[in-house]
Amino acid sequence: MNERFDAIVVGAGPAGNAAAYTMASAGLKVLQIERGEYPGSKNVQGAILYSDALEKIIPDFRDDAPLERHIIEQRMWVLDDESFVGTHFRSDDYNKPPYNRYTIIRAQFDKWFSSKVREAGALLICETTVSELLVDGNRVVGVRCDREGGDIFADVVILADGVNSTLARKAGFHAEISPGNVALAVKEILFMPQEAIEARFNITEDEGVVIEAIGKITDGMMGTGFLYTNKDSLTIGIGCMLADFKGSPNRTSPYAVLERMKKHPAIAPMIAGGEMKEYCAHLIPEGGFYAVPRVFGDGWMIVGDSGGFVNSVHREGSNLAMTTGRLAAETAIAAKEAGKGFGAASLKAYKAALDESFVMKDLHKYRDMPDVFHRNNQFFTTYPELVNRAAKTMITVDGVDKKTKEREIFGDFRQKRSLVGLMGDAFKLWRAFR
Ligand SMILES: Cc1cc2nc3c(=O)[nH]c(=O)nc-3n(C[C@H](O)[C@H](O)[C@H](O)COP(=O)(O)OP(=O)(O)OC[C@H]3O[C@@H](n4cnc5c(N)ncnc54)[C@H](O)[C@@H]3O)c2cc1C
């Protein structure tokens, strides 16, 4: 292709679409390249869409985006083998427009987002893989595609090619992602009549529920499970650290962990009768603050999963992906307007914007969380058991007085973790969430 562009965006996931849309809307000449047959064909996500990031890009997205259900209830469960202890949040106040989050089906959503990108004026090429970045000295000047005559030039290249970006690795921008910094997640979509979903989850049309779960379901590995209500399907999935799968003494597979979760007595009745229509697996960056690489340089910026942006507290990757995509695009727009070129000196404004945003602030706040939970599997094994046993002891009415029950529970905790262990664990939790 002989044409030259202001910007090339590699990838048409949430990060790439956010970047391409923002730049094209501001009048930049944008080319977006996606290896999939269509945007969304290669993408895996739960999926919860958080409105805030998209609202800042397409304020009226609710008018025509393919949204499944708005979330009115969030459940957090700690599971042992037979039971769970949980918190549920549900409020009429949260159930008012404009809604804060929705379930979506990624294939449909990415297609819709991409149609907006094209309406804004960007050119999209699908079924084309960018095989490497074109470099002149230290400066990225374009991309090479796996097609004949596939060298294309631009002032700036935005890498939105997802987790474990081969392009960034080849260019030496970051090393191969380590198994200790990435989770392997599997999920299924189970079809079920709408009425069954609404009866089982106590919701009406368009309302939805999210369940996040930790505990014995991950077989001693660091990870979480999730269950989301779509219009006429449920999404169920689980993700655990890749390093833990590799070192698992039980040689557990992702498939086996998901099957175990589906059979849990608290979960099985909710998914009973669901017909499996989709099964997929994907990596999720989990390294947190310390794993974010350099995200800009002469003629390039990295956005979304490709930059390892993740917030371990919520499964919020697409929110971060869209926000980083928008911030990189705004940096490119400002650089073009200033006429000072797209060197690192101009593009460092992207890092400054990230640092000012919730993206880096939250990553920094929870900087020790991945390390704390990865090194302390008692939070996924011993404590779920202890907490569930304590709950059972307290709610069982059997003639034993409550003081004796409290002593029994405390004794149980001391026997399993010792006083020093309990104090150490409290400190670790403080470190993770401070
Ligand atoms: C099981 C699971 C559940 C999740 N649930 C949620 C959730 O509920 N909410 C949430 O916010 N996040 C969730 N996430 C995280 C979320 O999916 C990611 O954070 C998000 O997709 C990142 O967007 P992205 O645009 O950076 O990357 P991607 O969505 O991975 O997009 C990258 C795109 O680049 C393309 N590409 C890659 N290499 C090339 C190349 N060389 N040339 C051309 N194209 C290329 C790919 O085909 C792909 O389309 C979940 C992730 C998983 C795996």
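Author: Let us begin by sorting the residues by class: the shell around the ligand has 17 polar, 14 nonpolar and eight charged residues. Please keep in mind that this is a predicted model.

Reader: Which residues come nearest to the ligand?

Author: Among the 39 residues around the ligand, those that come nearest are Gly11, Gly13, Gly162, Gly304 and Gly317.

Reader: Which helix or strand gives the most to the shell around the ligand?

Author: Helix H9 gives the most, with four residues, while helix H1 (14-25) and the strands E11 (182-191), E14 (233-241) and E15 (275-285) each supply at least two.

Reader: From which domains does the shell draw at least three residues each?

Author: The protein is divided into domain 1 (4-67 + 104-174 + 293-356), domain 2 (180-285) and domain 3 (370-433), and the shell draws at least three residues from each of domain 1 and domain 2.

Reader: Returning to H9, at what angle do the axes of H9 and H10 cross?

Author: The axes of H9 (residues 317-338) and H10 (residues 344-356) cross at roughly 145° and come within 9 Å, and this crossing is right-handed.

Reader: Which residues of H9 and H10 meet there?

Author: On the H9 side there are Thr324, Leu327, Ala328, Glu330, Thr331, Ala334, Ala335 and Ala338, which meet Ser346, Leu347, Ala349, Tyr350, Ala353 and Leu354 of H10. Sorted by class, the residues of this contact are ten nonpolar, three polar and one charged.

How values were computed
Residues numbered from 1 in each chain as written. Predicted model: local features only at pLDDT ≥ 70, side-chain atom pairs only at ≥ 80, totals over all residues. Axes fitted to C-alpha atoms, helices over the stretch in contact; angles between N-to-C directions. Left-handed = near helix turned anticlockwise from the far one by under 90°. Contact = placed C-beta atoms within 7 Å. Nonpolar A, V, L, I, M, F, W, Y, C, P; charged D, E, K, R; others polar. Near = placed C-beta within 6 Å. Domains from an automatic or database assignment.
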